Amino acid sequence: MARMANLYDVSKCTACRGCMVACKDWNKLPAVIKPFKGNYSTHEDVDPDTYTIVKFIEHEDALEDIQWNFLKYQCMHCSDPVCKKVCPSDAFFITEWGAVIKDSQKCVSCRYCEYSCPFMVPKYSGREDMVTKCTYCYDRVENGATPACSRTCPTGALTFGERHKLLVQAEERVKYLRANGYPNATIYGRHELGGLNKLYVLTDTPDKFDLPVNPTVSGTVGFWQDIVQPYFGWLMPLALAGSAVSFVTTRLLQNKSGDHGEGGHE
């Protein structure tokens, strides 16, 4: 099966939130009512019961005053996912078409994935005592259907298909946007972190949509993955052996010092 992706074109999105409702419906997730904060966002971030959201982003433009942008936000399904690297129980796997899936039966709720994700997407559910995130509706895709969010989008802002074909489509759309009033239009997700399986056509630079311009993986992830995790099995016995040797050596030196002290008094 070819590598698949979702292409989200912000220039076609009307922020109807149909994708949020479809996601809740398919995954049987409860409604989460957030306090009103004086803007149009119903959710500031994804949460354990809300796998996908539509952000309403305001920013001030020196020439055109206040600008308003929409953005669908969820797990990016990275081609080289950090969550999979740091997971000590191998709870994450990648399907042959590119979805990053978490096996709930293997999750030990350590939350390493939550802390290491460059997009801070996985969220811990105290109710279920596990971390949750977008599943890419892989149960639908594995049976020949499209993700629920893509299927329900009424404006065609969301498209699901083969990644390389969607990139060609995105390039054409960016050309059109740049020639029609959006000189900073760009594709997001083609190269970031080795390539994401959630692609974006943006009408402006990524920072105008609350996306990291250059997402990176923390250096501690490499230390954990390359040093601590592979050698943890013998590092612990080695540390215990070192402690035992230190204890015995200290006791011998103390006894020797005591013998010398008693001899001095005589």
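A disulfide is a pair of cysteine sulfur atoms within 2.5 Å. The structure described here is a predicted model, in which local features need pLDDT of at least 70, side-chain atom pairs count only at pLDDT 80 or more, and totals for chains, interfaces and linings use all residues. Residues are numbered from 1 along each chain as its sequence is written, and side-chain values use heavy atoms, with hydrogens and water left out. The model holds zero disulfides and eleven salt bridges.

**Cysteines**

- The closest cysteine sulfur to that of Cys 87 lies in Cys 110, at 5.9 Å, which is too far for a bond.
- Cys 87 is buried, with 9% relative accessibility; buried means under 20% relative accessible area, exposed over 50%, and partly exposed in between (1.4 Å probe, protein chains only).
- For Cys 137, the closest cysteine sulfur belongs to Cys 149, and the distance of 6.2 Å is too far for a bond.
- Cys 137 is likewise buried, at 7% relative accessibility.

**Salt bridges**

- A salt bridge is a side-chain nitrogen of Lys or Arg within 4 Å of a carboxyl oxygen of Asp or Glu.
- Lys 85 and Asp 80 form one, with their closest N and O atoms 3.1 Å apart; Lys 85 is partly exposed at 28%, and Asp 80 is partly exposed at 42%.
- Arg 111 pairs with Glu 114 in a salt bridge whose closest N and O atoms are 2.9 Å apart; Glu 114 is buried at 16%, whereas Arg 111 is partly exposed at 26%.
- Glu 162, partly exposed at 27%, meets Lys 165 in a salt bridge of 4.0 Å, N to O.
- A network of salt bridges links Asp 49, Arg 127 and Glu 128.
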